[in-house]
Amino acid sequence: MPTIGYAPGAYDMFHIGHLRILQRARSTCDRLIAGVATDEMILRAKARHPVVPFEERLEIVASIRHVDKAVADPYTDKFLSWRRIGFHVLIKGDDWKDTERGADLEGRLGAVGVRIVYFPYTEHVSSTSLRDRVSVPEL
């Protein structure tokens, strides 16, 4: 049976950090599914709208050669995503590691045999930093 990996994310303003996460995620599994956060989920989780609309983000992520399939991810709770998809490995950013939320998720997913792999974020770039740079008025 192939190992299915799941890499959820907003993937807003797609950048090199997103690409590197997906490249590394692919090495953890036989089949990689990328969960693309819906606009509604991003609004609930981050209290702001994404810059790039959901359908466009889904198409961008689906076109990445490391991704076997891109799906809508309406859940902040990745246990609900597991119930729908049935993955074996969850890829998360290392900002979750050693946190209460991460420990809770590890416990619930570990109970059903899911392994969590943490990858570091690319330090010099994020969607938030890109958003900030774009909104800075010129001097």
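Is T28 buried or exposed? In this predicted model, T28 has a relative accessibility of 15% and therefore counts as buried, the cut-off for that class being under 20%. The residue sits in the loop that runs between helix 1 and strand 2. A polar atom of the T28 side chain lies 2.6 Å from the backbone oxygen of A25. Beyond its neighbours within four places in sequence, T28 is in contact with T3, V89, I91, R115, V117 and F119.

I91 is among the residues with the most contacts inside the largest nonpolar core, together with L22, V61 and V67. That core has 19 residues. Helix 1 (16-26), strand 2 (31-37), helix 3 (54-62), strand 4 (89-93) and strand 5 (115-119) each give two or more residues to it. Taking V61 as an example, and not counting residues up to four places away in sequence, its partners are Y11, F14, L22, A34, V36, V67 and A70. Another core, of 14 residues, lies apart from the largest one, and Y6, V71, F87 and L105 are among its members.

Two residues of that other core, Y6 and F87, also bring in the aromatic pairs, of which the whole structure has 3. The ring centres of Y6 and F87 are 4.8 Å apart and the planes meet at 10°, so this pair is stacked. Because Y6 belongs to strand 1 (residues 4-9) and F87 to the loop between helix 4 (78-85) and strand 4, the pair ties together parts 81 residues apart in sequence. Y6 is buried, at 0% relative accessibility, and F87 is buried too, at 1%.

Charged pairs come next. Side chains of opposite charge can pair when their charged atoms come close. The count here is 5 salt bridges. In one of them, R26 pairs with D68, with 3.4 Å between the closest N and O atoms. R26 is in helix 1 and D68 in the loop between helix 3 and strand 3 (69-73), so this bridge ties together parts 42 residues apart in sequence. R26 is partly exposed at 24%, as is D68 at 39%.

D77, D104 and R108 are linked in a network of salt bridges. The closest N and O atoms of D77 and R108 are 2.8 Å apart. Since D77 lies in the loop between strand 3 and helix 4 and R108 in helix 5 (residues 100-110), their bridge ties together parts 31 residues apart in sequence. D104 meets R108 at 3.3 Å, N to O; both lie in helix 5, 4 residues apart, about one turn of the helix.

Key: Residues numbered from 1 in each chain as written. Predicted model: local features only at pLDDT ≥ 70, side-chain atom pairs only at ≥ 80, totals over all residues. Heavy atoms only, no water. Core = buried A, V, L, I, M, F, W, Y, C linked by side-chain atoms within 4.5 Å. Buried < 20%, exposed > 50% of the residue type's maximum accessible area, 1.4 Å probe, protein only. Contact = heavy atoms within 4.5 Å. Polar contact = N/O pair within 3.5 Å; in protein donor to acceptor, adjacent residues only side chain to side chain. Phe/Tyr/Trp six-rings, centres within 6.5 Å; stacked < 30°, edge-to-face > 60°. Salt bridge = Lys/Arg side-chain N within 4 Å of Asp/Glu carboxyl O.
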